[in-house]
Amino acid sequence: MGKVITITSGKGGVGKSTTSANIALGLALAGKKCVAIDLDIGLRNLDMILGLENRIVYDVVNVIENVAKINQALIRDKRTENLYLIAAAQTRDKSAVKPEQVVKLTQELKEEFDFIILDSPAGIEGGFKNAMIPADEVFIVTTPEISSIRDADRVVGILEANEKRNIKLIINRINPLLVKNGNMLNTDDVLQILSIPLIGIIPEDKNIISYTNMGEPSVLHKDSPSGKAYFNVVRRILGDNIDFNEIKEEKKGFLQTIFSFFRD
């Protein structure tokens, strides 16, 4: 029987869909059969991040409205036979889907898949409820900024009020130099405010935009800072005990040190 993991956030623009794509692909590369479902109805980003935007024929609303069967809407990833995507509808809004319909869909998918990753819309509106209700586990993505953390705290409160107890935190876009200089909250600061278990710390990665534009999640680039960190999240999901030591200040080479000396 598969597990439903919902990836959500309080604030938009924190890297939630990127996180969903990386976790889904990472689980598939680790040998687990996985389907990622984009529930951000009306916007649709997950297909582009996975590089599958040209293969969409049917979407999740088509399945829920019985216009298409589940197998017709499943888009197989180009890189692994273990990963599938069900895309969001672009021409509908979040009212086209109800929580009980998503529960029914995920129950059917649990029979075939090890993991169902739900990419939730940001915020606390109807789309969030669609993604929250079926979740066996919820990962909240936040950046180390006060506004993002405050909104994440609001989401934690709603999840707990709905008796969702298996909630974990992913802190995205940590910049070790800014943390060192006191210009960014550190991991302990964020954990103290939110008081939920940590499952991932993703460093700021200058290549993440080009990875997104190429449709190549960073877990495909295992030497990249974010790729290593996302792969560690996947290993923790699978039960490995991995230290949270991803975030280290980038060491400058000799020439970089000389140039920065004159620049400063």
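Guide: Happy to! Helix α1 packs with helix α11 (residues 225-237) at an angle of about 60 degrees, and their axes lie 9 Å apart. Helices here are DSSP runs (H or I, at least four residues; strands are E, at least two), numbered from the N terminus. The axes are lines fitted to C-alpha atoms, for helices over the stretch in contact, with angles from 0 to 180 degrees between N-to-C directions. This is a predicted model, in which local features need pLDDT of at least 70 and side-chain atom pairs count only at pLDDT 80 or more, while totals for chains, interfaces and linings use all residues. Residues are numbered from 1 along each chain as its sequence is written, and side-chain values use heavy atoms, with hydrogens and water left out.

α1 and α11 are therefore oblique to each other (under 35 degrees would be roughly parallel, over 145 roughly antiparallel, 65 to 115 roughly perpendicular, and the rest is oblique). The crossing of α1 past α11 is right-handed, that is, the near helix is turned clockwise from the far one by less than a right angle. On the α1 side, T18, T19, N22, I23, G26 and L27 make the contact, and on the α11 side Y230, F231, V233, V234 and I237 do (contact means heavy atoms within 4.5 Å). By class, these residues are seven nonpolar, four polar and no charged; Ala, Val, Leu, Ile, Met, Phe, Trp, Tyr, Cys and Pro count as nonpolar, Asp, Glu, Lys and Arg as charged, and the others, Gly among them, as polar.

The whole structure holds one cavity of 30 Å³ or more: on a 1 Å grid over the protein atoms alone, a cavity is where a 1.4 Å probe fits but cannot get out, whereas a pocket is an open set with protein on both sides within 12 Å along at least five of seven lines, and lining residues have an atom within 4 Å of a point. T18 and N22 return in its lining, together with I49, I208, Y211, T212, E216, P217 and S218. α1 (16-29) and α10 (208-214) are the elements that give two or more residues to that lining, and α10 gives the largest share, three residues.

The second largest pocket has a volume of about 420 Å³, the space filled by probe spheres set on grid points joined across faces, edges and corners. Of its 24 lining residues, V14, G15, K16, T18 and R173 are the closest to its centre. Two or more lining residues come from each of α1, β7 (167-174), β8 (198-203), α10 and α11. That lining has eight nonpolar, 10 polar and six charged residues.
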